[in-house]
Amino acid sequence: MKYPSNIKNNVSKRILALIHWIKPDSFVIDVGTDHAYLPIALIDRKITRNILAIDNNIKPLAKARHNIHKAGYADFIELRINDGLSNISFAGDEIIVIAGMGGVLISKILAEAKSRFQQNQVLILQPNWTWYELRKWLAENGFQIEQEQVIKEQNKFYSQLLVKYTGKKYTITDTEAFCGININLDINYGLDSDSLKRETDTVLTIYLEYLLRLKHLAERKSRSIVLYHKVRQNIESLLLNLSEK
């Protein structure tokens with residue numbers, strides 16, 4: 001089946017970052033699809049035409065259906081009302097995307113599906129908050145964090161994690177859980193050349209600014225939670241090392 005003709009679709013940096021990590025022709029499962037912006041953008045860019053878009057709320061799913069039909073992509077995107085990944089089986093070659101929700105909720109979704117994941121199952125996670133708890137849970141439950149990216153959009157920062165399920169537990173420090181691990185400073189959100197020319201911040205600049213935000217957050221938390229005092233000190237050392245690059 002041929003792709004529909006491309007339509008103009010301006011998407012956010014967060015969606016572009018997700019697209020950048022999705023291999024062409026993959027089967028993508030978009031959990032919490034909301035208005036189906038990611039599936040539509042994937043079809044627009046001819047990345048894949050095999051997408052399962054899931055949401056547990058009827059209203060956003062109705063809007064997603066409207067957007068998909070308006071774009072002419074109904075043959076390529078299956079919509080399903082579902083609670084996370086429950087009742088879904090995996091072949092192992094899917095790319096599972098979970099974005100736009102808290103890290104604790106993401107970990108609960110993964111915990112329910114964990115027994116059905118195949119070895120080296122690929123997931124792309126983009127938590128809005130409670131990223132510390134998510135990274136700790138991933139390490140304790142055998143989800144290897146392959147790389148991370150920091151995204152800046154409308155003066156807010158988001159972490160994106162590329163994860164593989166191995167089943168092998170490992171340990172990460174409190175600072176790694178708070179700030180991220182295996183940060184990729186060589187990627188550009190998947191922006192095209194014209195967009196890159198308009199981009200004023202480098203990836204390193206964005207990461208330094210992100211660490212400063214985390215440092216201030218750790219300072220506030222250290223007044224009531226002792227572990228954040230050490231985290232703040234470690235962030236200061238990391239900032240010093242990076243600023244010398």
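Student: Where do we begin?

Tutor: With a pair of helices: H8 and H9 cross in a left-handed way. Keep in mind that this is a predicted model.

Student: How are two packed helices described?

Tutor: In general, two quantities are used, the angle between the axes and the distance between the axes. Here, helix H8 covers residues 203-222, and its axis comes within 9 Å of the axis of H9, with a crossing angle of roughly 160°. An angle over 145 degrees counts as roughly antiparallel, and H8 and H9 are therefore roughly antiparallel to each other.

Student: Which residues in H8 and H9 meet?

Tutor: On the H8 side they include Leu-204, Leu-211, Leu-214, Lys-215 and Ala-218. On the H9 side, Tyr-228, Arg-232, Ile-235 and Leu-239 are among them. Sorted by class, the contact of H8 with H9 has 13 nonpolar, 3 polar and 5 charged residues.

Student: Could we look at one residue of that contact? Is Ile-235 buried or exposed?

Tutor: Ile-235 sits in helix H9, residues 227-243. Its relative accessible area is 0%, so Ile-235 is buried.

Student: How do the axes of H1 and H2 cross?

Tutor: Helix H1 (residues 13-20) and helix H2 (residues 37-44) have axes that come within 10 Å and cross at roughly 60°. H1 and H2 are therefore oblique to each other. The crossing of this pair is right-handed. Ile-15, Leu-18 and Ile-19 in H1 meet Tyr-37, Leu-38, Ala-41 and Leu-42 in H2. By class, that contact has 7 nonpolar residues, no polar and no charged.

Student: Which residues in H1 are buried?

Tutor: They are Ile-15, Leu-16, Ala-17, Leu-18 and Ile-19. The buried residues of H1 pack against H2, E4, E5, E6 and E7.

Student: E5 is in that group. How many of the residues of E5 are buried?

Tutor: Strand E5, residues 121-127, is mostly covered, with 7 of its 7 residues buried. Both faces of E5 are covered: one side carries Gln-121, Leu-123, Leu-125 and Pro-127, and the other carries Val-122, Ile-124 and Gln-126.

Student: In which sense do E4 and E5 pair?

Tutor: Strand E4 (residues 94-101) and E5 pair in the parallel sense, over 6 bridges. For example, Met-101 has Pro-127 in E5 as its bridge partner.

Student: What about backbone angles? What phi does Asn-120 have?

Tutor: Most residues other than glycine have a negative phi. Asn-120 has a positive phi of about 65°, although it is not a glycine. Asn-120 lies in the loop between helix H4 (103-113) and E5, and at 40% relative accessibility Asn-120 counts as partly exposed. Asn-155 also has a positive phi, near 65°. Asn-155 is located in the loop between strand E6 (143-153) and strand E7 (156-165), and with a relative accessible area of 46%, Asn-155 is partly exposed.

Student: How many helices and strands does the protein have?

Tutor: There are 9 helices and 7 strands. Of the 245 residues in the protein, 49% are buried. Among contacts with a separation of 6 or more, 74% join residues 24 or more positions apart.

Conventions:
Residues are numbered from 1 along each chain as its sequence is written. This is a predicted model: local features need pLDDT of at least 70, side-chain atom pairs count only at pLDDT 80 or more; totals for chains, interfaces and linings use all residues. Side-chain values use heavy atoms; hydrogens and water are left out. Helices (H or I, at least four residues) and strands (E, at least two) are DSSP runs, numbered from the N terminus. Buried means under 20% relative accessible area, exposed over 50%, partly exposed in between (1.4 Å probe, protein chains only). Axes are lines fitted to C-alpha atoms, for helices over the stretch in contact, and angles run from 0 to 180 degrees between N-to-C directions. Angles under 35 degrees count as roughly parallel, over 145 as roughly antiparallel, 65 to 115 as roughly perpendicular and the rest as oblique. A crossing is left-handed if the near helix is turned anticlockwise from the far one by less than a right angle, and right-handed if clockwise. Contact means heavy atoms within 4.5 Å. Ala, Val, Leu, Ile, Met, Phe, Trp, Tyr, Cys and Pro count as nonpolar, Asp, Glu, Lys and Arg as charged, and the others, Gly among them, as polar. Two strands pair if DSSP finds at least two bridges between them.
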